[in-house]
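Hi,

Here's the structure I promised to send over. Have a look at it first, and my notes on what turned up are just below.

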Amino acid sequence: MSTVVLIGTQWGDEGKGKITDYLAQKADIVVRYQGGNNAGHTVKVDDQEFKLHLIPSGILYPGKLCVIGNGVVVDPAVLVKELDYLANRGVDTSGLRISANAHVIMPYHKKLDAVEEDRRGEHKIGTTKRGIGPAYMDKAARIGIRMVDLLDEKEFKAKLVRNLEEKNYLLERVFDTDGFALEEVFEEYMSYARRLAHYITDTSLLINEAALAKKDILFEGAQGTLLDVDHGTYPYVTSSHPTAGGACIGAGIGPTRIDQVIGVCKAYTTRVGEGPFPTELKDEIGDEIRNNGAEFGTTTGRPRRCGWFDAVILRYAARINGLSSVAITKLDVLDSLDTVKICTGYKFKGEIIREFPHSLRYLSECEPVYEELPGWKEDTSGARKLEDLPENARKYLERIKELTGVEISIVAVGPKRSQTIPVLEIF
Ligand code: IMP
């Protein structure tokens, strides 16, 4: 039995969906523990492509329990749509469980996300405008509405009345826009409650009982380490904890129950939204990586900023998350390049630094120090074991391991389930 936390080591979009899907084959339960529908997973099963935002991608395997933990913020409109989407494609969703304590994204959260972002002007964060930040703000302010409240009409209405009073004041008086009508929101959310009621339960109890029964459990982080509200490139972060520690809080399980932490890392780096990005490539190589890797957001369609692999970031992620190993994804995207570069450290005020700076201002002044390696100029998408990879691709992986001190457990060479090279046994 094993409990494994899977996290993103960069700025999100590392291909966690694909690795979750790969590991979910053997897991009994897949748990999401933070974030919301700001995330987007594209999973390829044979020739079919599935795009999921909220439901753990383990749902694509029959018989798995898939949990939306208490640390997730749930937009019920999106969840209901996702359930319909899966049902229409013949996927059984009866294994879904939603934490009664998960907070609910309300229409005013989405609107506030958009108007606050517009007001920030040049200081904008580049949020997904899905209401994530405002929902977590209400959670911390202790005025949030939880899934369990949806099951109690009276309680829900009372909380909605109190919230709308404040939110409508803000929207109408501060942001000079329309507020929301109580009855409309109430009716809409009661219809979601009827659809979702039978999935809502005490998921912490379920997960802990499964751990005691020695089941294999996979905790699936959304976004990435550098988007963590504490450990990321604040303020250009999301409002939750995508790091490994977040799994304990967001699923209601103690740290002593976690056996392994696996980091997912692209063979290069990408970022969406604003904020410093030392190895960003604003040239034709960046365009080549973007096109080869189809680097456009699953959730917003935005083109992702692309750059070279950054070993400083992976070392930092190894420290913050206590990584047991790393899964390197999208190695095939680099197949066409003549040479590949790895950032080994940063030059800051004339000195070489090897640790990720704690200050965003320092980070924005850092220049990457590169090591250049020969490319492999061969198609790797058909490789199924390490020995199938060209020698230069293996050297590239070996160098990443040396520079970061993290073992590689999986290498992915394409989006399909079959395009996965297992290196170390996980479950
Ligand atoms: P929010 O999570 O919508 O509040 O956005 C905050 C920051 O996190 C922005 O820079 C987003 O682009 C980024 N972000 C949120 N979710 C994801 C994701 O799933 N992948 C990559 N970036 C994300």
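The ligand has 15 residues around it, and the closest are Asp13, Asn38, Thr128, Thr238 and Arg302. Bear in mind that this is a predicted model. Sorted by class, the shell around the ligand comes out as six nonpolar, seven polar and two charged residues.

Arg302 puts a polar side-chain atom 3.1 Å from an oxygen atom of the ligand. With Gln223, an N or O atom of the side chain sits 3.2 Å from a nitrogen atom of the ligand. Gly126 uses its backbone instead: a polar atom there is 3.3 Å from a ligand oxygen. As for how much of the ligand is covered, taken alone it exposes 470 Å², and the protein buries 96% of that.

Helix H7 (residues 182-196) and helix H2 (residues 76-88) have axes that come within 10 Å and cross at roughly 45 degrees. The crossing of H2 past H7 is left-handed.

H7 also packs with helix H6 (residues 153-174), at an angle of about 140 degrees and with the axes 11 Å apart. Roughly antiparallel would need an angle over 145 degrees, so H6 counts as oblique to H7 too. Here the crossing, H6 past H7, is right-handed.

Cheers

Terms used. Residues are numbered from 1 along each chain as its sequence is written. This is a predicted model: local features need pLDDT of at least 70, side-chain atom pairs count only at pLDDT 80 or more; totals for chains, interfaces and linings use all residues. Side-chain values use heavy atoms; hydrogens and water are left out. A residue is near a molecule or strand if one of its heavy atoms lies within 4 Å of it. A polar contact is a pair of N or O atoms within 3.5 Å; within protein, one must be able to donate a hydrogen and the other to accept it, and residues adjacent in sequence count only if both atoms are side-chain atoms. Accessible areas come from the Shrake-Rupley method with a 1.4 Å probe; for residues, only the protein chains shown count as cover. Ala, Val, Leu, Ile, Met, Phe, Trp, Tyr, Cys and Pro count as nonpolar, Asp, Glu, Lys and Arg as charged, and the others, Gly among them, as polar. Axes are lines fitted to C-alpha atoms, for helices over the stretch in contact, and angles run from 0 to 180 degrees between N-to-C directions. Helices (H or I, at least four residues) and strands (E, at least two) are DSSP runs, numbered from the N terminus. A crossing is left-handed if the near helix is turned anticlockwise from the far one by less than a right angle, and right-handed if clockwise. Angles under 35 degrees count as roughly parallel, over 145 as roughly antiparallel, 65 to 115 as roughly perpendicular and the rest as oblique.
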